[in-house]
Amino acid sequence: MATFEIKEEFLMNGSPFKLLSGAIHYFRVHPDDWEHSLYNLKALGFNTVETYVPWNLHEPHKGLFQFEGILDLERFLSLAQELGLYVILRPSPYICGEWEFGGLPAWLLKESGRLRACDPNYLAHVAEYYDVLLPKITPHQLSHGGNILMIQVENEYGSYGEEKAYLRAIKEMLTNCGIDMPLFTSDGPWQAALRAGSLIEDDVLVTGNFGSRAKENFAAMQDFFDQHNKKWPLMCMEFWDGWFNRWNEPIIRRDPDDLAESVKEALEIGSVNLYMFHGGTNFGFMNGCSARGAVDLPQVTSYDYDAPLDEQGNPTAKYYALQKMLKEHFPEFEQHEPRIKTSLSMELQLQDKVSLFSVIDQISQPVTTVYPQTMEQLEHPYGYLLYRTKKQRDTEIEKLRIIDGNDRAQVFLNETLLATQYQGEIGEDLFIKQAAEENQLDILVENMGRVNYGHKLTAETQRKGIRRGVMADLHFVTNWTHYGIDFSKSPAIDFTRDWHSEQPGFYRYSFMLEEKRDTFIDLTGFGKGVVLVNNVNIGRFWEVGPILSLYLPSGFLNHGENTIIIFETEGCFAKEVHLRKEPVYKTMEAKKV
């Protein structure tokens, strides 16, 4: 049986082994495309694939576990092994990854315990998750005839905390459940992060995360090793070859030749895992959010990352620049020609449209309480929540305020839009004029994505919806009905009901396919919302850009009839929707890294 050891070098069967790895997150790529992406990784000469494991997808509700379809981790591991790839697995409770809440499940927010710490409730939840997850992983370790070489304890913990007892608790859970391959941590390559986030005293391998200046960063890591008398191989666990993108900001690009030269510098010293190799897509409501002062900045649906494989999984200029560099400087890594998928283009005609207010009873289960509840309290943690009450008229002009809400609120009086407020504006005064003695007040709140990194990764800051209440004049308004929009019920929508302009609504398009191929849905003409393809939420769109399309993998399409339903919140729509062969970008000055 093969062996993998960490001595002064990585050793495979007793011989020096350089890890040339690339990140492909199985949960960001349709299962039909896993083999395509993994093959292209192997074809470039790489020997290892790295992936996170997202707790929030595998346990979306407490005690309900999912490992099918796009979450079939074992199938992904086996497929990698069939292609001759080893695996670096990162099943730490927290993954960051520009992913919703850093991979932590939203149901944790119903409890007040401290996250990523020795809080008894938090550790108990992690243990219960690991009791289900780890038995699926252990048979795939190299020591059991599988292909997993290393497993991560925690992720960039040195940029969050320094509680070694917590790290040891996670480490103990892993080993108690049968993990016997080497463990590691990954942190920024500077002293404070390495000291706080590592378990170097416990002989857990320390790796670094950076995207350039390999000599300088590896030297800092070596100095840290020397302080603790460790003779370990140097590895960059996240060599950032691109970057993620936020709404209303230019696309970030990196020069391919600059990347190839930087990777060469790193490989001359140590081992590398390219983050990302294939970025993929934040399907559904799984995009993360950056914490920036008082106002957070949600990230886009596409996780293209300007990686060597584009969002579709096809090679980019970076792929070929790396191919050329490796062939010249590291010819021992065997290469093959990559595979390229094709796309389709079509024009679709609008069939039906209906207003949200007309069908809210068909796509939600109303819950009535005295005061408004958060999304977490209602066990509706993602997407949209409509709050409704009846408002008595007291004076001709009245002041209204939402007290402590996240993230985006559209306020309607008698189904007419009064205002749209974002996180930094929620709480500002709204002045309303009521026509009748009793009026209907609706507030549609969108959770635009929870913070995935930094000081705001707390239960206190990441609860969504209206968190305290709504005030009219100087008193809190009572008697609210909550409608959590359940997009899985979209096939039940009655499109014969009323549609009104300037209201949120649903728009339906149908088409036939003889051959399934990837495509990109051009959302030009629409404002903000999500797209459902054959009842699958493929992600958010927003006219602010920088991207105006959504990637649609062929695996979500049917031979024969297909239906696209677009939920749009601004009252903007297009009578014709185009399926494109390539993504559509808003004209914005490109940002380089």
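Student: How much area is buried between domain 2 and domain 3, and what share of it do carbon and sulfur atoms give?

Tutor: The size of an interface is often given as the accessible area lost when the parts come together. In this predicted model, about 940 Å² is buried between domain 2 and domain 3, and carbon and sulfur atoms give 50% of that area.

Student: How many residues of domain 2 and domain 3 are in contact?

Tutor: On the domain 2 side there are 11 residues, in contact with 13 residues of domain 3.

Student: And how many salt bridges does the rule find across the interface of domain 2 and domain 3?

Tutor: The rule finds 3 salt bridges across that interface. Polar contacts can be counted too: 7 residue pairs, both at pLDDT 80 or more, are in polar contact between domain 2 and domain 3. Strand E29 (528–533) and strand E30 (536–542) are the elements that give two or more residues to the side of domain 2 that touches domain 3. E29 gives the most, with 3 residues. By class, this side of domain 2 has 4 nonpolar, 3 polar and 4 charged residues.

Student: Which residue forms a salt bridge with Lys528?

Tutor: That is Glu446, and the closest N and O atoms of the pair are 2.7 Å apart.

Student: How many salt bridges does the count come to by this rule?

Tutor: The count comes to 37 salt bridges. Take Asp518 and Lys341, whose closest N and O atoms are 2.8 Å apart. Asp518 lies in the loop between strand E27 (505–513) and strand E28 (519–522), and Lys341 in the loop between H9 and strand E15 (346–349), so the pair ties together parts that are 177 residues apart in sequence.

Student: Is Asp518 buried or exposed?

Tutor: Asp518 is buried, with a relative accessible area of 2%. Lys341 counts as buried as well, at 18% relative accessibility, because buried means under 20%. There is also a network of salt bridges here, linking Asp33, Lys341 and Asp518.

Student: Are Lys433 and Glu396 buried or exposed?

Tutor: Both Lys433 and Glu396 are exposed. Their side chains meet in a salt bridge of 3.6 Å, N to O. This pair links distant parts of the chain, with Lys433 in strand E22 (residues 430–433) and Glu396 in the loop between E18 and strand E19 (397–406), 37 residues apart.

Student: What about Asp522: which residue forms a salt bridge with it, and how far apart are the closest N and O atoms?

Tutor: Asp522 pairs with Arg580, and the closest N and O atoms are 3.1 Å apart.

Student: Let us turn to a helix. Why is helix H1 largely enclosed by the rest of the structure?

Tutor: For a helix, look at how many of its residues are buried. In H1 (residues 34–43), 7 of the 10 residues are buried, so the helix is largely enclosed by the rest of the structure. The buried residues of H1 are Trp34, His36, Ser37, Leu38, Asn40, Leu41 and Ala43. They pack against several elements, including strand E4 (20–24), helix H3 (73–82) and helix H9 (317–329). After H1 comes Gly45, whose phi is positive, near 105 degrees.

Student: Could we read a single residue too? Where is the place of Thr389?

Tutor: Thr389 is in strand E18 (residues 383–392). Thr389 is buried, with a relative accessible area of 3%. Its side chain reaches the backbone oxygen of Asn479 at 2.7 Å. Not counting residues up to four places away in sequence, Thr389 touches several residues, among them Asn439, Leu441, Val477 and Trp480.

Definitions and conventions:
Residues are numbered from 1 along each chain as its sequence is written. This is a predicted model: local features need pLDDT of at least 70, side-chain atom pairs count only at pLDDT 80 or more; totals for chains, interfaces and linings use all residues. Side-chain values use heavy atoms; hydrogens and water are left out. Contact means heavy atoms within 4.5 Å. Buried area is the accessible area (1.4 Å probe) that two parts lose on being put together, summed over both. A salt bridge is a side-chain nitrogen of Lys or Arg within 4 Å of a carboxyl oxygen of Asp or Glu. A polar contact is a pair of N or O atoms within 3.5 Å; within protein, one must be able to donate a hydrogen and the other to accept it, and residues adjacent in sequence count only if both atoms are side-chain atoms. Helices (H or I, at least four residues) and strands (E, at least two) are DSSP runs, numbered from the N terminus. Ala, Val, Leu, Ile, Met, Phe, Trp, Tyr, Cys and Pro count as nonpolar, Asp, Glu, Lys and Arg as charged, and the others, Gly among them, as polar. Buried means under 20% relative accessible area, exposed over 50%, partly exposed in between (1.4 Å probe, protein chains only).
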